[in-house]
Each structure stands twice: as structure tokens, then as C-alpha cells.
Amino acid sequence: MLGNLLPYRHIAPLMRTSLFTAVCATALLTAPTSGQVVDPRIEAILQGVSAEHLHEYLAMLTSFETRHSLSFSDRANFGVLPARQYILETMQRFSDRLQVEFDCYEVEPQGRIPEQAQLCNVVATLPGRSERRIFVSGHYDTVARIEASDPASGGGGGGFDWSRYDNPAPGANDDGSGTVLTMEAARVLAQSGIEFDATLVFVAFVAEEEGLVGASLMAARAEREGWVIDAMFNNDIIGNSLGGNGILDSRTLRVFSEDPMDSPSRQLARFIRRQGATYMPGHEVRLIAREDRFGRGGDHTAFNRRGYAGVRFSESRENYSRQHTAQDTLGGVDFEYLARNTRVNTAGVATMAIAPPAPNVNGPRGPMLGRGESGYHAEMRWQRSPGATRYRVVWREAWTPDWQHEVIVGDVDRFVLENISIDDYVFGIAAIGPDGHESLVSAYVRPPRSRSDIREVGQRR
Ligand SMILES: [Zn+2]
């Protein structure tokens, strides 16, 4: 067993059969390629994403002057009411298969909401063969600081007045960009004609600026009603390529995901980068290992708090001087960049929606990872995913951010890596469907210990 004397990364594919023991005769051993298929149907969907459409939707959304969540008005072309109506009616026109509706809540005065109001998310659902759901979202509401020139600011300026609903807040980039990305993704996926396994849910959230209110109400409803949510792709401030410091970057975008290193949200982030590299190789996904930008938040957090996997997409270079001001206008959005970011979202959503669900790697007593008969192997067990024809087994040293090693195995529910210590590596399994589409990785992890694990074992004398 020469292989066991060498660090694993130096072992050529030829030697792999001596290292691995597949416990089932149908297990396949392959070279450590990325194993990704490129589906021409998904390529066609991505080609359909249109910068012109994105511009058309956003020009209309910014024409309402403000989309402040409480900017209720009788005027047909002002404020939040015609804005949400426009989003609803536009998505209704995309396809008969899309079920488009308002998701409304009566909200009592609280925090940044000074008076009772009915607040509505706009939701478009594309039913799949199964109940599991994948969300794509942005927030359509806006807010702007009181300008120093406004008499109401008392000459100070720069602050928010949460009782002022009518000052200009075009919100082209924050977050008109995420809203129109969500709309365009809904259009191309609904019009693709593919019957997806997962149900796709496209949401324009309300009252993000008042503290993730629309998203929190919907996440609570999801938990109450027992929705199975595989992933949330939240897009917020995603269309500007010229930073306020003058640095231009239209070739990368950021994906933020919450701790810990093997949270479901972080598996989602890794998956997005993998699909992005497959379908959009010239457009780099930069993974950021934190929940959101420093000290700031977004709607995915409302879902994370209830245990759902969710990430935030944001442009790489922000222009803070436009955000939350009357200067957040169409001129600050790069529509070709926004279209590429829409394609990255769409590639991930389409792949995950065609693929089988991720395997369940947990038994009644936690992750089904053991040391095998010898006591020194890594033995993985999992529940087969419906529709899967094979699995990708991945692992990495525990002190690393991304999967380093992989092997494809057949339609099995158990696999052994000889002489690989389960103490030193992290392991995961993804399910692969008949056409090569792959699920999220399910990682073998134990929940972190908490204060409730503290045992008092004696008394100081
Ligand atoms: Zn925002």
C-alpha cells in the first residue's frame, strides 16, 4: 500500500483503486475530474437572459419616484402600490405556468414602521414535480436619507426619517437590480418548457429596509406551514460595476454565506461557484465566508434564522454614495453586468431544480459517519435520494474551505475510504441524476456544542 505513505494529493488516479474500497459491486471509480455536465437546455436558458428586458423593467420601477413600503397614494404613477402591481402583472404575462400573487400581511406599528399598514410581497411560483422549493429573491422597496438641503433635516442631512414616505427614492440598484434579476430569471425559467423536479419561487420582498419585514413574515409562514426549502438565492445591490472608489469590476460578483464552514448555506455557496464556473467561466463567483457585508443585512438572513439555506449575491464593488439617496438611478446600473449575474443565479437554480434532492446523511443518532470495521477507515452511509443514479463523494482537510478530493460512486448508500481519518477530514455526498445534474452536498457535521452541554461536575470548597 504505497499510497498510504504519501500525502493524498500526490496520488495519481491510477493508484486510486488501491486506496478505496467500494462496499458495493456497482460502485464506479473515476478519475478526479470535476464531473460536471453542461446541459444544452440550460445554456439556451442563459442565452435568453436579456439586458434589454432588465433595463425595461427597471426603467418602469424607477418611474414611480419611490417604492418606500408605506408610500401609499391614489396617484397611478407614484409609490409602492403601482410598483407592486407592475411587478405582479409583468410576471403574469411571462407564462401561464407561473402562479403570481400578492402575499400580504397586516403589520402593527413597530420599529421603523410608524403606523399600521398592509404590506405585500409579490410571489411567482413555477410548480415542479415535487414539493421542495428553491427561492430566488430581491426586495422591491426603497428608502432614501433626508438630504441636507431638505428643510426637514434641520440642515444636518444624512439621516433617515421613517415617517417620511414620499422623498425621492428611485432605488435602481438597491434593490431594483435584485428585483428585476428575479423577474428575468422567472421569465427564462418559466418559458424554458422544462418540467423541473423542484418548485421554483420568485419573490419580490417588501419592507427590507424597515428590517427584513416582508422576508421575516414569509419565513415564519414557511416554518408554520412546513415548507421544504432547499435554497434561497437572495439578490441585493447586484447591478453596479463601478465602485465609489473608482475601481471597475464587471467580471466578478460576491456570494455571502453564514457560518459555520459546513452550514447548508455554505454548501449552497460552493454549489453556486461550481455551477457558475461551468456555465459562466469568464464571470467569477467570489465566495465570502460571512453572513453579509460587515454590519449590514439582507432578506436571506430572515430565512437563515429559521434554519433554511440561503445566500446573498452582491456586486463586487459598491458605490455607497448612491445607496439610499435620490442618486440611486438607472445611470448607476450596468445592465450587461446585471445580465451576467442573472445568468449565474439561473445556472445554479436550473441545475439544482433538475437534479435530485440532496441525500440525507443523518440517522437517528446524528451523521452516519463511522470508522468502519478496522476502526481506522472513513465509512459513510446515506439515504438514497429519489431519482439519483449515482453519488459524488467529496472530502477535504478540516482546515480548508473547499472540497479537495472526490470520487463518483454508483447507486449505493455506503462507501468506505481506507485509512482516511474521520477526525482529520470533512466528508460530504451529492446526489447525481441520470443526465448528470448534481444536488447540493450534504456534509457530515455535528452541531456545535452549546452552553446547554455544560455539566456541573463538582463544587469548589
Ligand atoms: Zn437592499
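Two residues are in contact if their C-beta atoms, placed from the backbone, lie within 7 Å. The legends below refer to a predicted model.

**View 1. The boundary between domain 1 and domain 2.** Domain 1 covers residues 2-32 and 359-447, and domain 2 covers residues 40-354. Between the C-alpha centres of the two domains the distance is 36 Å. Twelve residues of domain 1 are in contact with twelve residues of domain 2. On the side of domain 1 that touches domain 2, six residues are nonpolar, four are polar and two are charged.

**View 2. Packing of helix H4 against helix H5.** H4 spans residues 80-94 and H5 spans residues 172-190. Their axes are 9 Å apart and meet at an angle of about 20°. Angles under 35 degrees count as roughly parallel, so H4 is roughly parallel to H5. The crossing of the two helices is right-handed.

**View 3. Residues in the contact of H4 with H5.** H4 contributes Ile 87, Thr 90, Met 91 and Phe 94. From H5 come Thr 179, Met 183, Ala 186, Arg 187 and Ala 190. By class, the residues of this contact are six nonpolar, two polar and one charged.

View 4. Ala 219 counts as buried because it has 26 C-beta neighbours inside 10 Å, the cut-off being 20 or more. Apart from neighbours within four places in sequence, Ala 219 is in contact with Ala 302, Phe 303 and Arg 306. Ala 302 is 83 residues from Ala 219 in sequence, yet their C-alpha atoms are 6.4 Å apart in space.

Key:
Residues are numbered from 1 along each chain as its sequence is written. This is a predicted model: local features need pLDDT of at least 70, side-chain atom pairs count only at pLDDT 80 or more; totals for chains, interfaces and linings use all residues. Axes are lines fitted to C-alpha atoms, for helices over the stretch in contact, and angles run from 0 to 180 degrees between N-to-C directions. Helices (H or I, at least four residues) and strands (E, at least two) are DSSP runs, numbered from the N terminus. Angles under 35 degrees count as roughly parallel, over 145 as roughly antiparallel, 65 to 115 as roughly perpendicular and the rest as oblique. A crossing is left-handed if the near helix is turned anticlockwise from the far one by less than a right angle, and right-handed if clockwise. Ala, Val, Leu, Ile, Met, Phe, Trp, Tyr, Cys and Pro count as nonpolar, Asp, Glu, Lys and Arg as charged, and the others, Gly among them, as polar. Domain bounds come from an automatic or database domain assignment. A residue is buried if 20 or more other C-beta atoms lie within 10 Å of its own, exposed if 12 or fewer, and partly exposed in between; C-beta atoms are placed from the backbone.
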